[in-house]
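Dear colleague,

Please find below the structure that I am handing over to you. My findings follow it.

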Amino acid sequence: KEARYSNLKHRPMGLGIMGFQDALDKLNLNFESSEAIEFADSSMEIISYYAILTSSELAKERGLYESYKGSKWHRGIFPIDTIDLLEEERGMKIEVSRTSRMNWNFVREHVKEFGMRNSNLMAIAPTATIGNISGAYPCIEPIYKNIYVKANVTGEFTVVNHFLINDLKKLNIWNEETLDQLKYYDGNLQLMGGIPDSLKEKYKETFDIDPHVLIDIAAARGKWIDQSQSLNIFIKGISGKKLHDTYVYAWQKGL
């Protein structure tokens, strides 16, 4: 009954993202690229824009959520505005782009006039299970392995990154020998011969991606989100300094 009371009072929800790596592969973008950061930024802006606008349209149609008065929405504070508030609180610059591509003045005016139906709208949750079920990469994660063995009650299956297979086929280098090499090197293209550097860059596995890049992408996306995002950081090797520097960098980017 407590959950029912709270949910009906605040009407929170959490729209998120799944299959970010799939989208990058289809767009032929490397995870460690400025284009990937731009895509994370622009795609989350679209979700944020329509989530906020639709909640405001529902408020116009069905009324405000009960605890709306005094909320950030009520005070005209949107997720994008909270970076400036954080800067003010810290007294230091947060190096995150504030660029927007859509007509936010329209949404701000709509919320000002009609309010919001939901207290919270966006949160990126870990989606490992439903990612597996739907055949997409979980959440906003980079690819963990290019090849792995999946086991269930009917036996074991070797699963190979199908985006990689398609690219190898285009270059006429997908064959038994390439598959054997993939198995031998546990999916790590960086250790394989005869693979173009462009594919090695595109299909880097998680531990070969610079943790700072994952943080840059999260920071670009995060400014549009009113709750938070589940983000795993993968660090190769054992280094207290690298771990410390990674957490400090995330803090500096406002995460």
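Two strands pair if DSSP finds at least two bridges between them, and strands (E, at least two residues) and helices (H or I, at least four) are DSSP runs, numbered from the N terminus. The model is predicted, so local features need pLDDT of at least 70 and side-chain atom pairs count only at pLDDT 80 or more, while totals for chains, interfaces and linings use all residues. Residues are numbered from 1 along each chain as its sequence is written, and side-chain values use heavy atoms, with hydrogens and water left out.

A hairpin of 2 residues joins S1 to S2. Strand S1 (residues 147-152) and strand S2 (residues 155-160) are antiparallel, with 6 bridges. Ile147 has Val160 in S2 as its bridge partner.

The largest nonpolar core has 33 residues, and Phe20, Ile52, Trp73, Phe78, Val107 and Met116 touch the most other members. Such a core is a set of buried Ala, Val, Leu, Ile, Met, Phe, Trp, Tyr and Cys residues joined through side-chain atoms within 4.5 Å; buried means under 20% relative accessible area, exposed over 50%, and partly exposed in between (1.4 Å probe, protein chains only). Helices H2 (20-26), H3 (34-62), H5 (104-114) and H10 (211-222) each supply at least two residues of this core, and H3 gives the most, with 7 residues. Apart from this core lies another, of 15 residues, including Ile143, Ile147, Leu182 and Ile195.

Ile130 belongs to helix H6 (residues 128-134) and is partly exposed, with a relative accessible area of 48%.

Yours sincerely
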